[in-house]
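Please walk through the fold shown here, from a pair of charged side chains to the cores and the aromatic rings.

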Amino acid sequence: MKGTLALGVGMSALASLLQSFTFKEEENGLLVQGAGSITTEAQFRAAIAPLAQMSMTSSQLATTQATNKYAKQFAGFELAETTAMMGILKDLGTTPPAPDAKAQAMMDQLKAAKGAAFDKAYIAAQVQTHQQLNALTTGYLASAAPSASNMMEKHGRHIAMLASTSIKEHLAITQQLSSMLGS
């Protein structure tokens, strides 16, 4: 699926950069272990919660540590979005697990990095996270639709549909930023 992101006149410098983005849904996607087996809203929430938590935590750090103005601006957008998502997940009874060894290692790497190295590491982590989120969301939405009377399942799909658009947008943005930063 291809389309061009159109932004209004008078937007920030990041908006000017974003005008050239073209969205392309990956042909093969990123294979996330278990993504195809996510068929319920509870499974979906449990799968995205640790990724959203990791993105929120790393973005919070990036709002103060990023040196590239576009990486810093993206971090602010991502922090606002993931804070809202984590609030929704919490309201629905989803508690993200403690970071696993891989997530903790990534945060340790980010905390140790400075300057351009931080920017590259942060954006690389965001690309990877958004690829995983895209695979999970796409897989969940491709599973059989719930019955019309199952409101929790319908709400789970509504969350996934809304999240999917931002995930794809953020994936395109982070891939462009990664390229711009020379990652």
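Are Glu-41 and Arg-45 buried or exposed? In this predicted model, both Glu-41 and Arg-45 are buried. Their side chains meet in a salt bridge, with 2.5 Å from N to O. Side chains of opposite charge can pair when their charged atoms come close. Glu-41 and Arg-45 both belong to helix 2, which covers residues 41-65, and they stand four residues apart, about one turn of the helix. The count of salt bridges comes to one.

The overall layout comes next. The protein chain has six helices and two strands, and along the sequence they follow the pattern β-α-β-α-α-α-α-α. The chain has 183 residues, and 41% of them count as buried. Among contacts with a separation of 6 or more, 74% are between residues 24 or more positions apart. The accessible surface of the chain comes to about 9700 Å², and carbon and sulfur atoms account for 58% of that surface.

The largest nonpolar core has 23 residues, and the members that touch the most other members are Leu-110, Phe-118, Tyr-122 and Ile-123. Two or more residues of this core come from each of helix 2, helix 3 (69-91), helix 4 (101-112), helix 5 (115-142) and helix 6 (151-181). Helix 5 gives the largest share, six residues.

Leaving aside neighbours within four places in sequence, Phe-118 is in contact with Leu-61, Ala-62, Gln-65, Ala-66, Leu-110 and Ala-113. Phe-118 has a relative accessible area of 0%, so this residue is buried.

How many aromatic pairs does the structure hold? There are two aromatic pairs. In one of them, the ring centres of Phe-44 and Tyr-140 are 4.6 Å apart and the ring planes lie at 10 degrees, so the pair is stacked. This pair links distant parts of the chain, since Phe-44 is in helix 2 and Tyr-140 is in helix 5, 96 residues apart. Phe-44 counts as buried because its relative accessibility is 1%, and Tyr-140 counts as buried because its relative accessibility is 0%.

The other pair is made by Phe-118 and Tyr-122, whose ring centres are 6.2 Å apart. Their planes lie at 5 degrees, so this pair is stacked as well. Phe-118 and Tyr-122 both lie in helix 5, four residues apart, about one turn of the helix. Tyr-122 has 0% relative accessibility and therefore counts as buried.

What sits over the ring of Tyr-140? The charged end of Arg-157 does, 4.8 Å from the centre of the ring. Arg-157 lies in helix 6 and counts as buried because its relative accessibility is 8%. Not counting residues up to four places away in sequence, Arg-157 touches Tyr-140, Leu-141, Ser-143, Ala-144, Ala-145 and Pro-146.

Apart from neighbours within four places in sequence, His-170 is in contact with Phe-74, Glu-78, Glu-81 and His-130. Gln-175 is also found in helix 6. Is Gln-175 buried or partly exposed? Gln-175 counts as partly exposed because its relative accessibility is 35%. The C-alpha atoms of Gln-175 and His-130 are separated by 9.8 Å, and the two residues are 45 residues apart along the chain.

Conventions
Residues are numbered from 1 along each chain as its sequence is written. This is a predicted model: local features need pLDDT of at least 70, side-chain atom pairs count only at pLDDT 80 or more; totals for chains, interfaces and linings use all residues. Side-chain values use heavy atoms; hydrogens and water are left out. A salt bridge is a side-chain nitrogen of Lys or Arg within 4 Å of a carboxyl oxygen of Asp or Glu. Buried means under 20% relative accessible area, exposed over 50%, partly exposed in between (1.4 Å probe, protein chains only). A nonpolar core is a set of buried Ala, Val, Leu, Ile, Met, Phe, Trp, Tyr and Cys residues joined through side-chain atoms within 4.5 Å. Contact means heavy atoms within 4.5 Å. Accessible areas come from the Shrake-Rupley method with a 1.4 Å probe; for residues, only the protein chains shown count as cover. Rings of Phe, Tyr and Trp (its six-membered ring) pair if their centres lie within 6.5 Å; planes under 30 degrees apart count as stacked, over 60 as edge-to-face and the rest as tilted. A charge sits over a ring if NZ of Lys or CZ of Arg is within 6 Å of the ring centre and within 35 degrees of the ring normal.
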